[in-house]
Amino acid sequence: MPDQYLPTILGIGIIVVAITFLVAVFLLIYSFIQIKKAATALTDFLAATDLKINPVLKEAEETLKSIRTVCDDIGSATSNIRNISGTLSDVALQVRTFGLLTEDLQNRLAVRITGLKAGIKAALGVLLNQENKGGV
């Protein structure tokens, strides 16, 4: 008995294997089609992204160049301000020195004027004393 069902079982087995093989082949073809669609969609997405990113990158590059120029200008201005500050410090020192010199000159002139006044007073006093005594 077992021999008589063997060809039928083998036939059913071969049919199941053939159907399974065909299903596997169709699944592989379907998977390949889906993978190709995904690859195409990814390629389109990357191309669109590239088109959008390139202007942004160029603008960012120009912005960085502008920032670099501004930084250089700020550095130059800072250097100029340092130079001006140093010059103003030198001028202030010269003004202080000039002030001290003029103050010293005023003091010397005041002493001389005071001495001259005292001399004139003394001379007038002597002249007045001699005139009062009946002199000249």
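Helices (H or I, at least four residues) and strands (E, at least two) are DSSP runs, numbered from the N terminus. By this definition the protein chain has 1 helix and 0 strands, and Leu22 is found in that element, helix 1, which covers residues 2-132. This is a predicted model, in which local features need pLDDT of at least 70 and side-chain atom pairs count only at pLDDT 80 or more, while totals for chains, interfaces and linings use all residues. Residues are numbered from 1 along each chain as its sequence is written, and side-chain values use heavy atoms, with hydrogens and water left out.

**Overall form**

- The radius of gyration of the protein chain is 56 Å, whereas a compact globule of 136 residues would have one near 14 Å; the value is taken over C-alpha atoms, and the globule rule is 2.2 Å times the number of residues to the power 0.38.
- Along its principal axes, the C-alpha trace of the protein chain spans about 185 × 35 × 15 Å.
- The C-alpha atoms of Thr69 and Ala118 are separated by 72 Å, with the two residues 49 apart along the chain, and Ala118 has its place in helix 1.

**Surface**

- Buried residues make up 0% of the 136 residues in the protein chain, where buried means under 20% relative accessible area, exposed over 50%, and partly exposed in between (1.4 Å probe, protein chains only).
- The protein chain exposes about 12,300 Å², of which carbon and sulfur atoms supply 70%; such areas come from the Shrake-Rupley method with a 1.4 Å probe, and for residues only the protein chains shown count as cover.
- A nonpolar patch on the surface is formed by Phe21, Leu22, Phe26, Ile29 and Ile33, which together have about 540 Å² of accessible area.
- Patches are made of residues with over 30% relative accessible area and no salt bridge, joining like charges within 9 Å and nonpolar side chains (Val, Leu, Ile, Met, Phe, Trp, Tyr) within 5 Å.
- Leu22, with a relative accessible area of 46%, is partly exposed.

**Salt bridges**

- A search of the whole structure finds 2 salt bridges, each being a side-chain nitrogen of Lys or Arg within 4 Å of a carboxyl oxygen of Asp or Glu.
- Glu61 forms a salt bridge with Lys65, their closest N and O atoms being 3.6 Å apart, and both residues lie in helix 1, 4 residues apart, about one turn of the helix.
- Arg108 and Asp104 meet through their side chains in a salt bridge of 3.4 Å, N to O; Arg108 counts as exposed at 53% relative accessibility, whereas Asp104 counts as partly exposed at 34%.
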